[in-house]
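Here's a quick tour of one protein model, written for someone who would rather look than read. Keep the viewer open as you go.

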Amino acid sequence: MKRLMVVYGTRPEAIKMAPVIEALERSPLFRPTVTVTAQHRGLLDQVHALFGIRADHDLDILSERQSLADITVRVLKGLCPVLQRERPDAVLVQGDTTTAFAGALAAFYGRVPVVHLEAGLRTDDRYAPFPEEINRRLATQLASLHLAPTAHARDNLLRDGVPPSSVVVTGNTVIDALRWAVGRTAHYGDPALADLDDTPRRVLLVTAHRRESWGGAMESIGGALADLARSEPGLLIVLPLHPNPVVRAAILPQVAGLDCVRLTEPLPYGAFARLMNRAHLILTDSGGIQEEGPGLGKPVLVMRDTTERPEALRAGTSRLVGTDRERIVKEVRRLLHDRAAYAAMARAVNPYGDGRAAERTVRAVGHWLGLCPRPTDFRPGAGPAEPSPAPGPAQLSPAPGPA
């Protein structure tokens, strides 16, 4: 059995790694070791509780108002000795967080090959999103196997000079996790949402946290929500607040006390998946929600000027609206009042996954190590995600060698 170390530190990484961890545990080919940096703490623990994950190593690096340099240094200092003790055959990192970059760098320093999940996303603007665009580009340079979620991401990697033989299109494992979570119908767990499924109001789900929007742009988002709350009495705005105090200081003063706004603390992933499924439309600056919304047939308005996930833009299920206060209000109101415009975005064409990305991920790693055939690349279909009874794939059987 090959020893694989799975490294992550934030809630989005944990959600996307959870189906992979289960698939690795079911496989007779691998023995996974879970190492978390806890770049996020409470949010990470919520995901572990939902999926039943227990970390083998917890670096617990979180500190108050930590900088990007703080995170990078603490991950390197914490992870390098763990790698020396464990000596895995490969390290798996996911996406574009500072943990993913620093984890890949630590593995490189230890001469351990890196497998990069969700590889190949690009905006071609190094400062948007910040620092994610550079994190994922640096991870590409450090990785030996690149698992692209879409054909577009694969093409980005090939354009950057990555050998085609080291790229596999797997789909995104977030769809595996989403299908499982929606099928579970978790409790919301917040009194502010107790009557959410009984109200006839349409729900606008909002999330905002992007570092590049801190300051005036985040205040503009808060102002747009206040304008919508006052002008659309039939609308219920649900805003799970990001824990960062900079985000809260920009938004809270503008929406606190408004009857049409329900404020919650960050929700556990199961509850959040249920909330996404309940929403009429989604307003977000999140990367992951751009993938999840189309899987549930929900129009997604993206409060950014660029996106590394253009597939949903081309499919027509998401739209860039930036952070301008008036434009946000205009675009939300258009979808509330123009049925044809809403229907066009709610077609639920899902370019990001079919619920089998974790299975392809495990088989791709196995093929790379000479243990099993190469998986067939993911090709997107159409239609909303259907709930599935379990997050992981069927057990993989070893093969005599690569196909």
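What follows covers the model's ground rules, then a sheet with its helices, then a single helix.

## Ground rules

This is a predicted model, so to speak plainly: local features need pLDDT of at least 70, side-chain atom pairs count only at pLDDT 80 or more, and totals for chains, interfaces and linings use all residues. Numbering starts from 1 along each chain as its sequence is written, and side-chain values use heavy atoms, with hydrogens and water left out.

## The sheet

Look for an open sheet of 6 strands, ordered β10-β9-β8-β11-β12-β13 and paired in parallel. (Strands are DSSP runs of E, at least two residues, and helices are runs of H or I, at least four, numbered from the N terminus; two strands pair if DSSP finds at least two bridges between them.) At the edges sit β10 (261-264) and β13 (318-320), each pairing on one side only. From one strand to the next, the twist averages 20 degrees (axes are lines fitted to C-alpha atoms, for helices over the stretch in contact, and angles run from 0 to 180 degrees between N-to-C directions).

Helix α8 (216-231) packs on this sheet, touching β8, β9, β10 and β11, where contact means heavy atoms within 4.5 Å. Helix α13 (325-337) lies across β8, β9, β11, β12 and β13, at about 170 degrees to β11.

## Helix α6

In α6 (151-159), the buried residues are Ala153, Asn156 and Leu157 (buried means under 20% relative accessible area, with a 1.4 Å probe and protein chains only). They fall within an arc of 100 degrees seen down the helix axis, so they line one face of α6; the arc is that of the directions from the axis to the C-beta atoms. Their cover includes α5, β6, β7 and α12.

Key:
Buried < 20%, exposed > 50% of the residue type's maximum accessible area, 1.4 Å probe, protein only.
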